[in-house]
Structures are given as structure tokens and as C-alpha cells.
Amino acid sequence: MTGTLLFQSLVLGVLLGGLYALLAAGLTLYFGVMRVVMIAHSAFLVLAAYLAWDFNQRTGLDPLVSLVVTVPLFFLAGVGMQRLLIARLRPATVTMMSVLLTFAVALTIEGLLGFVYSGTQRRIQLPYSGASIDFFGARIAVVKLIAFGLAALALLGLFLVLTRTRFGQALRATIQHPQAAQLLGIDTNRIAGFGFGLGLATAAIGGTALALDSTIFPSLHWHWIGPLMAIIVVGGLGSVPGAAIAAMLLGIMQSLLQLPMGTTWAQTVFYLALFATLMIRPQGFFGGRLAQRF
Amino acid sequence: MTAGLETRELTKAFGGVVAVDHATVSFRHGKVNALIGPNGSGKTTFFNCVTGMIRPDSGTASYRGKDITRTAPHRVAAAGIGRSFQLCRIFPRMTVMENLLAAVRPQGIGALLRRSGGAADVERARGWLHRVGIDHLEAAEARDLSYGQQKLLELAGVLMAEPETIMLDEPAGGVNPALIDRIAALVRELNAEGRTFIVVEHNMELVMSLSDHVVVFDRGRPIAEGPPADVQSDPAVLEAYLGV
Amino acid sequence: MRSASRWVALAVGVALVLAFPLVSPNAYILSAAVVILHYAVLSTSWNVVGGFTGYISLGHAAYFGLGAYGTALLITRAGVPSFLALGLAGLVVAVLAVPIGIAALRVRGASFVIVSIALVLILLLVFQSWREVTGGSDGLVVPRPFPELLRPQHHLVFFYLFAALLALVLLAWWTIDRSRFGMGLKAIREDEDKAQALGVPTFAYKLAAFVLSATFTALGGGMYALWFGDLDPVFQFSILIGSYMVLMALLGGVRHLFGPVLGALVVGVALEFFKQQYGDTQFHLVATGLLLGVVVLFMPDGVIPAVRGLLARRGPQQSSIREVSAAELQKERVP
């Protein structure tokens, strides 16, 4: 194993970790505002990827342009999902039942994708699909760089929204202490809806990034939900920075382990991390102590 | 005097906040003990540490000379300590009778698989329901009871496990005056039958009339203890409560 | 009176099941009935942990797959006779379920669900990649236990075998339901901390229920392997199988002995119908998803209580217990 190969894997790991971090941030938002574990997150991710592919097929334009439509659309879908589905659950059982409900949504999306687009594997062909650049001796595909850039920009945007805007402050207050937020005159229901919308918007961006360099098929979301769940548990549920750190670390580890173990076995790192976390520190390594009870 | 529940240097911190701070307390066995203190003085955390619901960071707890530090809650219960919860906790979707039957502790596989609600258990459960005064509600679902009735049900459930020491977390909280009198009478009766009580309570009138021994908590540790009358006039207690 | 009518209903139900193969018009219908019985076994097994303790596992397909592959591998690799292999596989899964349960039951609620899903995904990964042993995606052919039987007879024999297994699992559920052990498990479902404070050894109870449930599920999987004769990790370790178990149990009602069986009947028939009508499209996924969503949103306790509630609402109004007892309360019962 050469140093260059190792370096290349490291860089690829960072690029992958960026996408994981964005998606895990979305999951963390849902959990933060509503104590909801959103199983359908990765189904929406794949849905967005399909929309990007479809858009490219129909218009011939760059799939990135589809973001103009999918991001607002997904935001609205998130608000609607919170209002129409999640808010209907009894507060006492919301965490458990929301898992089942979002699981049901995931199945429905997967089924509809199969129905509309068939089970055939799809891939976007772009002029720059095969291009790669040389980065200190490592060959990095341009599409991966674009995907990472997209994820990084979205994360930065999310960070700015959360820390610099009034809405972000209200959102964080709702996450930390919903009753106190209500006393401050924050309409926590509204905020929770917006939080859900933001979370789904990350899936829209992530999905477009995914469509750039991956082959997509309806059941692809199962390959994502496992690692993402592992990431938020390791990161300590409800902690955005914790999830981001865990995402980076696990992404890099997965990428490095692919060298000796091959792609399939390397995925087990997520599950091993998940089980190790539960055995050693059920509250997660980087965040709150909600994990055990949520 | 027999050793009852005792703690030595018991400590528990949440993040940077020390909820229980090197608390060394010994309760009077066979008496009605009260544990009082301002809100946030660590009384409930202390309860949770002693009964195994929370693992203390350091220090020990013992019951009748036996170490019970970091013992699982069900073992603490088996050692003879029963408890109620601050916000009354019952099994909402079970009947009143089932709430009591769940507190039966069978020994061995055979006993475990025997039918729940055998004549002896039901008889005993009815006895306790009668004692607290809700035997007419036996078949009702617990969630349909009023809050006061739920409090009584919780007490009956604790008694069903036949504990010799009973820790009550705010038995009078959110309860109407008539019911408070009833709970107080019940505590006195049960104490006369030999059960020890440790009661966290904010209702001072009740504390003073009910207890033989009072422990005052402030910032996670006892600052005074003694008979109710002495504690009432203790300057440290007044300071803790009034912030003088 | 009431218990007598129950026994009659039970006897009629058993007779109907036993007589079904005699009236079944063709081999296809019989095989569909076997599929439904196997769903009933699985969802009732799931209900041993899901219904009593409220720990909802979406990953019970893990034990289904392990039981199926365990049975198949014991037959093909070790030459163990078919039904001995089935029993041994059940035992192996029981042993495996202990450490899995210890790890998974440390967390509650949604964390537990995540872990259960992760378990299926990881096993799918392992069984697909470990080609030398499992055959990977090429599948694994399981020798038939009765090679001399023709297809209809094969279905007939397995119809009764699955029915017997279902009876066993139902008996176990019924025994637990009325036992003190069951009362402890239900207390865990209602309020785990409270149960522990009352002296219920919650962890040991949960683990026992979990292992029992996994073992029954594995026996269902093993029986399936012997009946179907061809295994593929994608179908055995499938999230979908796990979600069927949950859907069926919730739909019928997890608090009722026959709830999961009823759910299996409804969902099983619907699935067969969708597969018939729409073939290989993903329509059954949509149907499963929508149905699960409806159940979770509108009747989380299942159809049995929902229907009862409807009937009760049309019948005479019950007076509120609360009002009655508030008056009672004034009567100072304690001296």
C-alpha cells in the first residue's frame, strides 16, 4: 500500500464525510425539535437524487439547477410532514410511533420510486463525469469535489441560519428547552415545522450531490440510513457538532478501511461503532445524554 | 437503635452542577423521617441515588448494615425499600388490580409462570386497596382515575411489595386537603405497624405534624437535623429557606 | 357463559384451520395459506417481545434469516437431518440472542429501533459477502425434507407443520400473558423505571422475552427454509419482512392473543393479491407503507380495540368512572 493511495483514501474519506455530516445534521434537527428519529430521511435523499436525474434527463441542464426547485419543495414537504403527520401523534408515544410513521413514509417513497422509475439502476452522465484533478498526487473526481462543496456550503448556510438569525435562535431555544421557549413567546409548533423543513432541505441538497457521482436505485436508501443512524448515535443525539465530527471520523475510517477490506466489509465500521457506542457510552461520544431515553 | 438507611459522602453531579454533595445522612429506623429543603436542593436526586435509579459518582449508601451503593433498583426494592415518585407514576393502561399484581415478586421459574392474580395475591391486593380506600375501583383502568386516586393507587402499589422502609417523594403535592389528611393518617398507621418512612415534602404543616425526625437539605447536603421543633428554629435552616 | 362461548369460538377456529386444506381448490391457494400461516408465526413471535414490553423491533428479520440459514447450513454442510437441523438452528439463535439482547436492550425507545434495523442491515451485508459459506446472492438451495412428495402434498404437510408451530407460539404467548412474568413485562411496557422500583428485575425479564421471541422467529425462519427450499440474503434479511411482522401485530392489536394472527391474515391476503395483480412492481411497498402509516396514526392499538370502541360508542353510554369516584372519595374510607 503506497502513501499516495493512503492519502487518496483519506481525501475521499473527507469528501464522503462532508456529505454524511450534512445529512446527519438534518437528522439531528428533526430529533432536536421534535424528538423524532426520521427513518425516511435517506428515502427523501434518494428521491431528491431521482428528481435531479429526471430533471437532467428531461431538460439536459446540469442537475445542480434542479436545486432551485427541490430545496423549496422539500422544505415545504418537511413543514407539511410535521404539521400533518408527526403533530398528530400522542406526545407520550411520539418518539416510538414517529419511527414507525417515518418508516412507513420511507417504504412508500421507495415503492413509488420503483413504480414510477422502475427498479433499473440510473446514473447521470455529465460532460465532467469522468474528469478528475490531481491533488498532491491524489486523483480526485471532479464530481466528488462538487458534491463536497455543495455539502460544505449547505452546512455553512445551516450553521449561519442557526447562529445568526432570529429564527435560528428560536430554533435552538426550542431544541434546548421547549417549555422555556414557549414562555418566551416562541411558537414552538411553527418552529418545529420549520426545523423539519430545514432538515428535509438538507436531504434535497444531499440527494443532488449524491446523484452527481452515484448509481441510484429505489432501495438505495437502506444503504444510507444505517450509517446515518450510526453517526447520530455515536455523535450523541441532538448535537449538530457531535454529528458532524462523528460523520467525518466514520467517513474517513470507512474510506481507509476500504483499502484492506473492500467496500462491502468497510461498511461494517458504522455498525461496529454503533454497537461499541451502546456498550461503552450509550449517551454518545460527543453530545447530549438523551440517547438512552429518547 | 438499629441501623436503617444511611449514606456516607454520597455525591452526584450532572455536568458541572453538583446535585448531591458529599451527603452523609442517617435516618431513624422505625420512625417517620422527613427530608426537606428548598427547591433544587437535591432531595429527589438523593432519593434516586439511594434507590439505584441514578448511579452516584462517589460515596456509599447502606441499608441495615448492607451496602446498597450502585445496586440495581429492583435489588434495592428486594432489600426492603419501596418508593413513590414525585409526579405520581402508575401503570396507566393497566387496571387498578393489575397495578398491584405487578408488584408481586415471584421466586423461581415455576412461580414466574404461574397465573398472575392467584387468590392469595388478589386477597392481599384487595387488603391494600381497602386500606388506601380505592377498593371499589379495582377493575377500572388506572388512567381513568383522578389524580388523588392515582396517588393512593401508587401508594397501594408500593405497599403491595411489602417494603419495611417507604420513601415518599412529595406525597401531598397537588392533592386536596382532605386527601392530605388521609395520607397522613395512613402514614401514621403504617408507621405504628413498624414501617419506616422517609418523606420528601414541601408542606411544612404536614412535615411538622407527621415526622419524628427532620433532615434539612441545602445545596445537595444536610445542613441540619433533629426533632421538628428544633429544626424549625435552627438559624441555618431559616437562612437556607429565606436566604437571609 | 363468556368463557364457554370463547371455547366454542376457539374450537370452531381450530377446526376451520385444520379443514382448510380439504376445501382449498388448488395448490396455489394452499401455498398462499402456508405463506399466511408463516406470517402469523412470525408476527406472533414478534409480539412476545413487542407486545408485552413495548420494545418495537423492526429488525426481527435478523432472527428469521439466521434461523433459515442456520437450518439450511446445518443440513447442507453438516448433514444433519432436516428437523433436527431446525431445532438446532433455533437453539443456536437462542444462544446468539443473549449477547445481542444484552447490547440492544440497554437502550430504550427509538434507539432500540435503530439498533434492530442496524442488525438486519449488518447481517445482510455479512451473508451477501461471505459467499464461501452462504452462497451470497447466488442463493442457497435447501434439500427438501420429504423428497418423495409432490408439490401439493409438500404444501399440505407444511401447512400442518406451520399450524402446529403457530399453536406452540400462541400457547407460549397465552401462558406468559396470564403469568406473573407477563405482568412484569407489561409493567415494563407501561413504565420501566416504575416497574424496577417496585422490584421487577426488568433487564432479566426483557432479555428472557427477547430471547424467546428471537427463538420462535428463528424456528419460523427454519421452517420457511425447509418449505421454500431456496434462500437469498436479500429476501431473508429483509427490512420488509421485519416491517411486515410489526405491521401485522399492530394492525391486529399487540395486546390480544390473536391480534397478530388477524393482522397476518389481512396483510398476507392483501400482499398475495397485490403480487397477483401488479406482479413485480413495487406496489406492495406502497401499500405496506400506507397501511402502516394509517395504523400508526389512527389506530395504534389495532383493529380489535378500534372496532370494540366503535361498537361501544354506538351502545349505551358508560358513565365516567371519575365522576362516580369523586363522590365516593368524600366518604372518608380511612379512619
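This is a predicted model: local features need pLDDT of at least 70, side-chain atom pairs count only at pLDDT 80 or more; totals for chains, interfaces and linings use all residues.
**Close-up views of the contact between two domains of chain B**

View 1. On the side of domain 1 that touches domain 2, the elements that give two or more residues are α2 (73-78), β7 (165-169) and α7 (177-192) of chain B. The element α7(B) gives the most to this side, with six residues. By type, the residues of this side of domain 1 divide into eleven nonpolar, two polar and five charged.

**View 2. Salt bridges between the domains.** Two salt bridges are counted between domain 1 of chain B and domain 2 of chain B. E189(B) and R131(B) form a salt bridge in which the closest N and O atoms are 3.2 Å apart.

View 3. The domain assignment of chain B places residues 1-80 and 163-244 in domain 1, and residues 91-161 in domain 2. To the contact, domain 1 of chain B contributes 18 residues and domain 2 of chain B contributes 13 residues. The C-alpha centres of the two domains of chain B lie 26 Å apart.

**View 4. The area buried between the domains.** Between them, domain 1 of chain B and domain 2 of chain B bury about 1,200 Å², of which 64% is on carbon and sulfur atoms. P163(B), R182(B) and L186(B) supply 35% of the area that domain 1 of chain B buries against domain 2 of chain B, more than any other three residues.

Technical notes
Residues are numbered from 1 along each chain as its sequence is written. Chains are lettered from A and ligands numbered from 1 in the order in which they are written. Side-chain values use heavy atoms; hydrogens and water are left out. Domain bounds come from an automatic or database domain assignment. Contact means heavy atoms within 4.5 Å. Buried area is the accessible area (1.4 Å probe) that two parts lose on being put together, summed over both. A salt bridge is a side-chain nitrogen of Lys or Arg within 4 Å of a carboxyl oxygen of Asp or Glu. Helices (H or I, at least four residues) and strands (E, at least two) are DSSP runs, numbered from the N terminus. Ala, Val, Leu, Ile, Met, Phe, Trp, Tyr, Cys and Pro count as nonpolar, Asp, Glu, Lys and Arg as charged, and the others, Gly among them, as polar.
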